[in-house]
Amino acid sequence: MSVLVYTESENGKLKKVAYEVASFAKGIADLMGTSVTAVTINAENVDELKTYGVEKVLKVSHDKLSKFNADAYAEVITQASKKEEAKVVVVSQSANAKYLAPLLSVNLNAGYASNVVALPKLDDGFVVERTAFTNKAFNMTSISTDVRVLGLSNNAFGLKENEVSLSEEDFSPELTDDNFKINVKSVDKNKDKVSIADAEVVVSAGRGMKGPENWGMIEELADVLGAATACSKPVSDMGWRSHGEHVGQTGKPVASNLYIAIGISGAIQHLAGISASKNKVVINTDPEAPFFKAADYGIVGDAFEVVPQLIEKLKEFKANNS
């Protein structure tokens, strides 16, 4: 019996979130007095997982799994879980995992708790703390099923190094045509950019930029910080930026360590989608902008004056500390 964790990868490389869910799974395994087994799909080098407490990796290699397919991926993890007799299965809260986890829960007849933010309490059953009402509150959820599926809220637990010995095992699940009723023809993604889901820092801008032609300094600031770029809903609706950069309750959720909002007033839907970010910095000319009430740091000023100075100071700091 072990704790099973699904560690996501892309183009053969494990994502940052894979190490966070592995760290979380190790924490649960320590509480339960057991070990962590990870299942990877078409991942190449998995050795780094041992740094975060994974003792065994089930490596799945399958041409049909090169693109995400919720039904097929759920079946793979289901079979891995049964093989390992796992009582707890951990996934992330990525867009893919949100499709995957409910199917996995049904396959395993397991209780599923999403948006988990802390290790479970085992004193009286199996109780997990979760965010609720778009991160405005927390609830304590008791899961009474024999098997539990937990979705770890992004950036809630962090990376915890706990190095162990690692063994790798090739795993070949039995998949049928029924697992591939939905075929993914193609996936279009921004290339050579940090993804919003994996970003430690996100630089986001709104209508205060006055037009798409002024986005150069946003991209320059993001480059200096190694950040992802994002935007508010009105910006994507007007076609200034792609819908893939729209963040908020109706767009992509953000749970970065640093979120910089430039020229964004702070509509409630936007704030709900970025509230899980640990530090929020706002730059806006309007001191009454709602975003200032949610911010950790605020600058009242013209973005066209503040941002170039910020870029200059950051470049100077990096040059002096390289």
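# Reading a predicted fold

Modeller: The secondary structure of this protein comes to eight helices and 16 strands. Helices (H or I, at least four residues) and strands (E, at least two) are DSSP runs, numbered from the N terminus. The protein's radius of gyration is 21 Å, close to the 20 Å that the globule rule gives for 322 residues, so the protein is as compact as a globular protein of that length. That radius is taken over C-alpha atoms, and the rule is 2.2 Å times the number of residues to the power 0.38.

Biologist: What kind of model is this, and how are residues numbered?

Modeller: This is a predicted model: local features need pLDDT of at least 70, side-chain atom pairs count only at pLDDT 80 or more, and totals for chains, interfaces and linings use all residues. Residues are numbered from 1 along each chain as its sequence is written, and side-chain values use heavy atoms, with hydrogens and water left out.

Biologist: What box do the C-alpha atoms fill?

Modeller: Roughly 60 × 45 × 40 Å, taken along the principal axes.

Biologist: How do I read burial, and what percentage of the residues count as buried?

Modeller: Buried means under 20% relative accessible area, exposed over 50%, partly exposed in between (1.4 Å probe, protein chains only). Of the 322 residues, 49% count as buried.

Biologist: Take Val-106. Is Val-106 buried or exposed?

Modeller: Val-106 counts as exposed, because its relative accessibility is 66%. Val-106 sits in helix H3 (residues 95–108). Its C-alpha atom is 24 Å from that of Met-32, which is 74 residues away along the chain.

Biologist: And Glu-84? Which residues does Glu-84 contact?

Modeller: Contact means heavy atoms within 4.5 Å. Leaving aside neighbours within four places in sequence, Glu-84 contacts Met-1, Ser-2, Leu-4, Thr-37, Lys-56 and Leu-58. Glu-84 belongs to helix H2 (residues 70–84). At 11% relative accessibility, Glu-84 counts as buried.

Biologist: Where does Ser-232 lie?

Modeller: In the loop between strand E13 (228–231) and helix H5 (233–237). Ser-232 counts as buried, because its relative accessibility is 7%. Its contacts, not counting residues up to four places away in sequence, include Ser-204, Arg-207, His-246 and His-270.

Biologist: What share of the protein's contacts joins residues 24 or more positions apart?

Modeller: Among contacts with a separation of 6 or more, that share is 65%.

Biologist: How many positive and negative side chains are there?

Modeller: Lys and Arg count as positive, Asp and Glu as negative; His and the chain ends are not counted. The protein has 34 positive and 42 negative side chains.

How values were computed: Charge placed at Lys NZ, Arg CZ, Asp CG, Glu CD.
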